[in-house]
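Here's a quick tour of the model you have open. Take a look at it first, then read on.

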Amino acid sequence: MKQILLITDGGSNVGESPVVAAAQAYAEGITVNVAGVVDEGTIGEYGAAEIAEIARAGGGISQIVTSRQLSRTVQMMTRQTIAGSIRQAVNQELRQLFGVDNVGALPPPKRAEVVKVMEEMEETMSLSVALLIDASASMKPKLHAVEEAIRDLTLSLQARTGKSRVSVFHFPGDAQYSYCVMDAGWTSDANKIRSLFGKIRMRGTTPTGPALLQVVDFIRETCGKIGKTELMDTPSQATRGELNEVRSDYVV
Amino acid sequence: MRCGVTTSSDRQPLPRGTEIRGKWNGRLYRLERLLGLGSNGQVYLASSDNRINYAVKLGLETAELQGEANILASLDQSEKGRQSFLVDVDDVVLEGKTVPFYVMRYVPGSPVKDYLRQNGTHWLGVIGYRLLERLTQLHDAGWVFGDIKSDNVLVGEYGRVELVDYGGASAIGRSVRQFTEIYDRGYWSAGSRTADPAYDHFAVALLWLHALDGKRLIQLTRTLLPQNRHPRELMKLVRSHSRLLPLEAWMEKALTGQFESTKDASRQWRESVRISQKPKTEGDRVPGWMVGLLGVAIAISTSVAAIWLFD
């Protein structure tokens, strides 16, 4: 399963609509979740509405939280998305096989059996989460919390039985045609997620949509053909090396 | 991976006396009062057939609730010889909505933090021993409790310990299903979130820190930078607390995952507590002859005074 987790604090203002970008991601089998981080004041009506809509378009969930709550929110969203997609798949099977709408329609003893299988899938299914971080100027004081949340998520994913990995991107990029920059390629090692954003130059624009699309491209390139039912990933070593070089070019 | 995100707290608790009848099994329960709000449901004290000894958990998500009930059922399977935890699993229709629920045996008692505050910290030894003995059984059966915290460790009369909320338990080797941030080994950079007995040992050590020195512990979590979270910071608290200092060696082993087994942790706990109960050196005690001498001195001085007065 593939997920993009967008962490942002406000409305996009450059390029393609992030709602359309999220819808495209979902069409390619990638679920988009959004965490809106707000410490002082409010995120604004416009920002809040956009965050909710990006998640809806991306088949995911959204939540607006303070940076203190970010770690647990990120984990809860990741886990709920896995559980949700498995539930969906299982409910579909149940409809076809038994003509019932969902697990709840089964008598408790049967339900117990089905849930056992679902939990087994949740624990063993392979998972790739690309984190896309809004690093526009207003996010600067929150980046420590973001980094901590990413490290914490990686730690939890490491404990899963199934293969799990994360990659980290931030936007805006430094060059004119790069909307986002990769900070870490696919990794399952929490220790590698340290001081990611130390050298970021904060800029004003928020090209959320274009950045999302760039991450979708990355996932396509590194995860091969994406199918909704695909449960195994094949990482491509060559592409990974290439992208790491790209990184050193951008983050100076 | 559930970590205390409350999604159901905004829901109003059901009024006392609400009756719920299971759709499948037909048993009737009368809700007496709300016991607690979990991350995924509400737990009520309930009676059935006029006996008040059930805890009913009403959930939001069928699969999630069934997952918890499955754990209780597996525990009942793997720990034969005790009373069953799981009593019933069913659905009830409330205001037109189908709500899943399961029923457990009710466990009376107060959270360990409150118990120690009300009854004194000299109960720590017994409670700690009982808790580790319970965890030994659980670990031997192949399970890790995971979400050890004051609210989940209930103490009844004379320091009898019962764990509650087994819904967060994890099979050894799997990822920890449910934890509380400040009790979490991963949070303190002291290891993984894979369920193993040492995960619980770590949380038990945090439980004592939280119960006896909660203010400073919370203060520490607020001020420490994430990269500095480490067992050594916790050991600083242990060494500067008079009640925890005698348990220093045990705490250090628990925080750094050095017990061979939970049995070993339990044995060493008992030893540490026994040592702390004995006077430190001979010099601390007043020898008998000194007490005698004092008595004699008082007797002599009073008789001298009496003689002088009556003279």
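## Where the chains meet

Let's start between the chains: 24 residues of chain A are in contact with 25 residues of chain B, where contact means that the C-beta atoms, placed from the backbone, lie within 7 Å. On the chain A side, helix H3 (70-98), helix H4 (108-124) and helix H5 (143-158) each supply at least two residues. H4(A) gives the largest share, with eight residues. Helices here are DSSP runs (H or I, at least four residues) and strands are too (E, at least two), numbered from the N terminus.

By class, that side of chain A has nine nonpolar, six polar and nine charged residues. For the classes, Ala, Val, Leu, Ile, Met, Phe, Trp, Tyr, Cys and Pro count as nonpolar, Asp, Glu, Lys and Arg as charged, and the others, Gly among them, as polar.

## A word on the model

This is a predicted model, so local features need pLDDT of at least 70 and side-chain atom pairs count only at pLDDT 80 or more, while totals for chains, interfaces and linings use all residues. Residues are numbered from 1 along each chain as its sequence is written, and chains are lettered from A and ligands numbered from 1 in the order in which they are written.

## Chain B overall

Chain B has eight helices and eleven strands. Its radius of gyration is 25 Å, well over the 19 Å from the globule rule for 311 residues, so chain B is more spread out than a compact globule. That radius is taken over C-alpha atoms, and the rule is 2.2 Å times the number of residues to the power 0.38. Along its principal axes, the C-alpha trace of chain B spans about 100 × 50 × 40 Å.

Of the 311 residues in chain B, 39% count as buried, meaning that 20 or more other C-beta atoms lie within 10 Å of a residue's own. Among chain B contacts between residues at least 6 apart in sequence, 60% join residues at least 24 apart.

## Two domains in chain B

Seven residues from domain 1 and seven residues from domain 2 make the contact. On the domain 1 side, four are nonpolar, one is polar and two are charged.

## B:Lys57

UniProt, in an unreviewed entry, places a "binding site" feature at B:Lys57; such annotations may be inferred rather than shown by experiment. B:Lys57 sits in strand S4 (residues 51-59) of chain B. Is B:Lys57 buried or exposed? B:Lys57 is buried, because 23 other C-beta atoms lie within 10 Å. Leaving out residues up to four places away in sequence, B:Lys57 touches B:Gly41, B:Val43, B:Phe101 and B:Tyr102.

Terms used: Buried ≥ 20, exposed ≤ 12 C-beta atoms within 10 Å, placed from the backbone.
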